[in-house]
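Dear colleague,

I am passing on the structure below, together with some notes on its aromatic residues and backbone. Please read the notes with the coordinates open.

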Amino acid sequence: YKKIPFNLHTWGKFDGIHYMLIAKQGYSQFQQAFFPLYPILIKLTNYVVDNLLISGLIISNLSFFIGLIIFKKYLQKLKFKNWPWVIAFILIFPTSFFAVSVYTEGLFFLLLSLSLYFYKTKKYLLFTISSFLLSLTRLIGITIFIFPLVSLILEFKKKKTVSLKKVICLITPFIGLFSYILYLLKTTGDALFFLHAQPSFGANRSSKLVIPLRALFRYIKIFMTASFNWQYFIALVEFSFFIFAFTILAIDLVRIIKKLRSKKKSDYDINLLSLNLFSLINLIVPTLTGTLSSIPRYAFMSLSMYLVLTSFNKKIKLIIFIIFMMMQIILLSFFSQGYFVS
């Protein structure tokens with residue numbers, strides 16, 4: 001950190017340290033758990049800035065800002081009228097500060113917003129590029145395939161034919177992941193090393209798939225037997241975020257399915273279905289490692305949740321907004337002091 005204000009160091013802690021080290025010297029042992037696009041961009045930016053921390057912050061902040069603009073445009077294409085509330089909820093979400101830290105949230109949000117916008121506007125070539133990069137940012141990025149998949153299924157049911165362009169869109173995110181898998185196979189001999197390296201970073205993650213209910217039962221057991229301390233508080237936060245987000249998304253999914261089964265279904269509802277499924281998978285997949293660790297941060301990208309929150313009456317929206325703001329202040333204050341909060 002060359003000659004920068006000390007308070008900026010806050011934004012490069014925990015995972016940020018690994019991303020900067022990867023950008024500086026390439027992958028070291030077990031760092032393959034972190035996907036390559038973000039550290040590559042940090043390295044490229046660093047040629048100009050000559051400071052890894054500042055490079056990471058520039059990428060994250062610029063990406064998040066542009067991502068908000070693109071996501072607003074996407075909502076407008078959907079003719080979603082309450083988009084200002086959606087943007088407000090994203091900004092005030094308790095873990096939104098990760099999007100302006102040396103984490104992948106800002107970049108992931110930008111690429112996700114671009115993918116949504118390009119697919120909605122039928123710019124399929126641009127979609128393949130953004131979705132390819134999305135899956136090189138985080139594993140969950142491959143889930144963008146949900147959008148062309150839903151579209152192809154409905155198209156086939158209606159016409160008994162499918163669009164080749166959409167099939168290519170379906171495959172592209174997996175090509176991004178597969179390219180990283182090939183790199184890992186060549187450099188480590190383990191194609192799935194990004195998964196097998198997870199336990200090395202603590203948080204009680206398993207490299208084997210675990211049924212989500214087991215993770216929930218584990219947390220309930222913690223609440224019943226453990227003494228109240230910092231770990232207890234974090235477990236309570238993780239559990240609460242998961243239950244809150246999952247409940248909203250599950251109820252909304254049921255509502256969307258009922259709407260699609262009726263004669264009133266529209267292209268708008270189909271888009272909402274795809275976004276909801278993406279958001280649910282984004283929330284559930286991390287629990288397959290046997291823990292809810294970092295769920296408050298992962299839930300931040302379950303974008304369908306924000307659309308549902310805007311459907312509440314103004315009083316409830318204000319209450320949620322205030323709770324989000326208070327939680328963000330609390331979590332950010334702990335994060336800035338070096339406590340792991342997500």
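Predicted model: local features only at pLDDT ≥ 70, side-chain atom pairs only at ≥ 80, totals over all residues.

Phe-132 touches Thr-172, Ile-175, Gly-176 and Ser-179, when residues up to four places away in sequence are not counted, a contact being defined as heavy atoms within 4.5 Å. Residues are numbered from 1 along each chain as its sequence is written, and side-chain values use heavy atoms, with hydrogens and water left out.

Phe-132 itself belongs to helix 6, residues 124-134 (helices are DSSP runs of H or I with at least four residues, strands are runs of E with at least two, and both are numbered from the N terminus). Its relative accessibility is 27%, so Phe-132 counts as partly exposed (buried means under 20% relative accessible area, exposed over 50%, and partly exposed in between, with a 1.4 Å probe and protein chains only).

On aromatic pairs, a search of the whole structure finds 43 (rings of Phe, Tyr and Trp, the last by its six-membered ring, pair if their centres lie within 6.5 Å, and planes under 30 degrees apart count as stacked, over 60 as edge-to-face and the rest as tilted). One of them joins Phe-145 and Phe-174, whose ring centres are 5.2 Å apart with planes at 50°, so the pair is tilted. This pair links distant parts of the chain, with Phe-145 in the loop between helix 6 and helix 7 (146-159) and Phe-174, 29 residues apart from it, in helix 8 (residues 164-188). Phe-174 is partly exposed because its relative accessibility is 35%.

Tyr-180 and Phe-194 form another tilted pair, at 6.3 Å centre to centre and with 40° between the planes. Here too distant parts of the chain are linked, Tyr-180 in helix 8 and Phe-194 in helix 9 (residues 193-196) being 14 residues apart. Tyr-180 counts as buried because its relative accessibility is 2%, and Phe-194, at 4%, likewise counts as buried.

Finally, two backbone angles deserve a look. Phe-30, in the loop between helix 1 (15-25) and helix 2 (37-49), has a phi near 75°, a positive value in a residue other than glycine. Ser-294 is not a glycine either, yet has a positive phi of about 70°; this residue is in the loop between helix 12 (267-284) and helix 13 (295-298), and its relative accessibility of 3% means that Ser-294 counts as buried.
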